[in-house]
Amino acid sequence: YGQLNKELYKKFFLNAEERQAIRDGYIYIHDMKDRLDGVNCCLADIGNILKNGFECGNMWYTEPNSLDVAFDVISDIAMSMAAQQYGGYTIPEVDKILAPCAEKSYWKYRKEYSEICGMIEHDNNTHVDNTVSAEEYATKKVYRDFEQGFQSWEYRFNTVGSSRGDYPFIATSFGIGTGKFECMATEAILKVRMNGQGKKGFKKPVLFPKLTFLY
């Protein structure tokens, strides 16, 4: 069946020059046998899906208002969509997608720090200058959220099978974003991958998600 679909694809969707180029080894068309009757490989528009919320199964997901929630929601989307197609599934430009949520978390942590300082000032009756410290506190917390979020993806995408019965071939791309939070995401995803997963002394890089650095 696969070989038949492959020959039908070459006959009806390629011209003579393209077929000859395949025979000569100049080009290779990925998964020709799966291109006629199914979706093969997907570059998902995750940013647009998250915007203003969406429906999945019997649930309505609201647009994430924090970074940690965004990681959870995106992994739910990825597992659901990857189970409904054949081939790889890419979460594109995660640095740009996650940056708005990271900024929301940043200001949430700034407010949290101000409230903590306010309580200290009230209890001790002393003035607390938190202008610089609030920035450092919030940035550190957001970076930690990035690390934990990417780590959660590595755990889930390598241990939870899809409803199709396999582990989806999931990839992410990043690197084009140049803002503060985009760069933070790029650094964190690489750091998490380099550190590896597993027990102490036996850590190794995971298989998924594949990392694609754009430049």
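Start in the loop between α6 (131-159) and β5, where you will find G165. Keep in mind throughout that this is a predicted model. G165 has 67% relative accessibility, over the 50% cut-off, so this residue counts as exposed. M119 lies 46 residues from G165 in sequence, and their C-alpha atoms are 52 Å apart in space.

Next, select β5, residues 170-174, together with strand β4. The two strands run in the parallel sense and are paired over three bridges.

Move on to helix α7, residues 180-195. Its 16 residues should span 22 Å at 1.5 Å a residue, and the C-alpha atoms at its ends are 23 Å apart, which agrees. Colour the buried residues of α7, among them F181, M184, A185, A188, I189 and V192. The buried set also includes E182, T186 and R193. After α7 comes G196, which has a positive phi, near 75°.

Finish with C183. Its relative accessibility is 39%, so C183 counts as partly exposed. How many disulfides does the model have? The count is zero. C183 takes part in none, and the nearest cysteine sulfur, which belongs to C101, is 17 Å away. A disulfide would need the two sulfur atoms within 2.5 Å.

Definitions and conventions
Residues numbered from 1 in each chain as written. Predicted model: local features only at pLDDT ≥ 70, side-chain atom pairs only at ≥ 80, totals over all residues. Heavy atoms only, no water. Buried < 20%, exposed > 50% of the residue type's maximum accessible area, 1.4 Å probe, protein only. Pairing = 2+ DSSP bridges. Helix = DSSP H or I, 4+ residues; strand = E, 2+ residues; numbered from the N terminus. Expected span 1.5 Å × (residues − 1).
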